[in-house]
Amino acid sequence: MTRPDVVSTPARPGGDGGDRSASPDFVQSLARGLSVIRAFDARQPRQTLSDVARNTGLTRATARRFLHTLVELGYVDTADSVFWLTPRVLDLGYSYLSSLPLTDLAQPHLEKLSSRLGESSSVAVLDGSDIVYVGRVQVRRIMTIGITIGTRFPAYATSMGRVLLASLPAEDLDAYLAATDLRALTPHGLADEAALRAELSRVAERGWCVVDQELEPGLRSVAAPVHDRHGAVRAALNVSTHAARYSPDQLHDEVIPELLATTRALSADLAIVNR
C-alpha cells in the first residue's frame, strides 16, 4: 500500500481557518525548515535538491540553504547530490513522547492485549487530518506498509481515526471535513461525507468502531477511546487482524470485549497519573 496523498497536508481541526503566516508571531523560516524535514517519507526517503524543492514548493536556492543547514545540524546527511534524514530527527519527536505519560502507560496494556488475542495492537492520537501512532505491539505483519511509532494514516479511513473524530466537538468535525479530501482507499472504502457523519454518530453512541478492509484489503481493525479523568478522549486504542482470522461476528464476540476492558484499564491508569 502506498501512503495516500491526503496524508501529506494535514489541517488541524478547531483552528481558526486563517492564514497562520499572516500572524506577526509566525516565523516563516522555521515553517520552511520543518517542511523540508517533512518532505522525506517512506515513499521518498532519499531525495535530490530538485525533489525537495518540488515537494515543498520552495525555490531550489531556498531548499539548498535549508538542506545544508540541516546537514550542519546533523538532521540530514548527503552524498552524491542525494539527501536523507538521519536518526537525529527522532530527537524532535522524543520530547513529545517523553512528556506524554500515555505512551508509557499504554505499553504494558498493549502487550497484555496482544498476548491474550495473538493480534497486533496500537495507540494513536489525532494530529490534523491524520492519526499518528504513539504506541504499538506488532505480533505479525498484516499490512504491506510497515507501521512504527510516528506512522500516519488518514483519520477517516481508520478505526482509531473514527473513534477520535467521533469525539470532536461539532465545529471541529466540520472543520476537519471541510479540509479533508475524502477518498476511498480500497473498494470497500467509505468516502461520502454524509455516510461518514452517520458512521461517526454510531461510533460515538456505541463506544467502539470496526473498519473492515477500508484502509487495506484483508485488514480488519476495531478501536475504542481512551479517556482522561475528566472523561475527554485522549487517544484511541485498536486491535488489527487479517480478515481471514476473524469474521465481523467474531470481532464483536471475542475481540471487542477484550479491547474495551483494556481501554477501561488504561483510562483508569491515566486518571490516576493526571491527578
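First stop: V52. I find V52 in helix α2, residues 49-56; helices here are DSSP runs of H or I with at least four residues, strands are E runs of at least two, and both are numbered from the N terminus. V52 counts as buried because its relative accessibility is 0% (buried is under 20% relative accessible area, exposed over 50%, partly exposed in between, with a 1.4 Å probe and protein chains only). I also checked V36: 16 residues from V52 in sequence, 6.8 Å away C-alpha to C-alpha.

Ground rules before I go on. The model is predicted, so I note that local features need pLDDT of at least 70 and side-chain atom pairs count only at pLDDT 80 or more, while totals for chains, interfaces and linings use all residues. Residues are numbered from 1 along each chain as its sequence is written, and side-chain values use heavy atoms, with hydrogens and water left out.

Next, the strands β1 to β3. I count two strands as paired if DSSP finds at least two bridges between them. β1 (46-48) and β3 (82-85) are antiparallel over three bridges, with Q47 opposite F83. On β2 (76-79), I see four bridges to β3, again antiparallel, and D77 has W84 as its bridge partner. The β2-β3 hairpin has two residues between the strands, and D80 there takes a positive phi near 55°.

Then the open sheet. What is the strand order? I read six strands, β6-β5-β4-β9-β8-β7, with antiparallel pairing. The edges are β6 (152-154) and β7 (209-212), each pairing on one side only. Neighbouring strands are turned by 30° against each other on average, direction ignored; the axes are lines fitted to C-alpha atoms, for helices over the stretch in contact, and angles run from 0 to 180 degrees between N-to-C directions.

Walking through its pairs:
- β4 (120-127) and β5 share seven antiparallel bridges, and S121 faces V137.
- The β4-β5 hairpin has two residues between its strands, with G128 in the turn at a positive phi of about 65°.
- β5 and β6 pair over three bridges, antiparallel; V132 has R152 as its partner.
- β7 and β8 (219-227) have four antiparallel bridges, and D212 stands opposite R220.

I looked at burial in β5 too: eight of its eight residues are buried, so the strand is largely enclosed by the rest of the structure.

On to the cores (buried Ala, Val, Leu, Ile, Met, Phe, Trp, Tyr and Cys joined through side-chain atoms within 4.5 Å). The largest has 26 residues, and I131, Y156, M160, L165, Y176 and L196 touch the most other members. β5, α6, α7, α8, β7 and β8 each give at least two residues, and α6 (159-166) gives the largest share, four. Another core lies apart from it, with 24 residues including V123, V226, L251 and L270.

Last, the second largest pocket. I get a volume of about 150 Å³. Its lining includes S29, L30, F66, T69 and Y75, and divides into eight nonpolar, three polar and no charged residues. My terms: on a 1 Å grid over the protein atoms alone, a pocket is an open set of points with protein on both sides within 12 Å along at least five of seven lines, where lining residues have an atom within 4 Å of a point. Volume is the space filled by probe spheres on points joined across faces, edges and corners. Asp, Glu, Lys and Arg count as charged; Ala, Val, Leu, Ile, Met, Phe, Trp, Tyr, Cys and Pro as nonpolar; the others as polar.

Notes. 1 Å grid on protein atoms, 1.4 Å probe; cavity = no way out; pocket = protein on both sides within 12 Å on 5 of 7 lines; lining within 4 Å.
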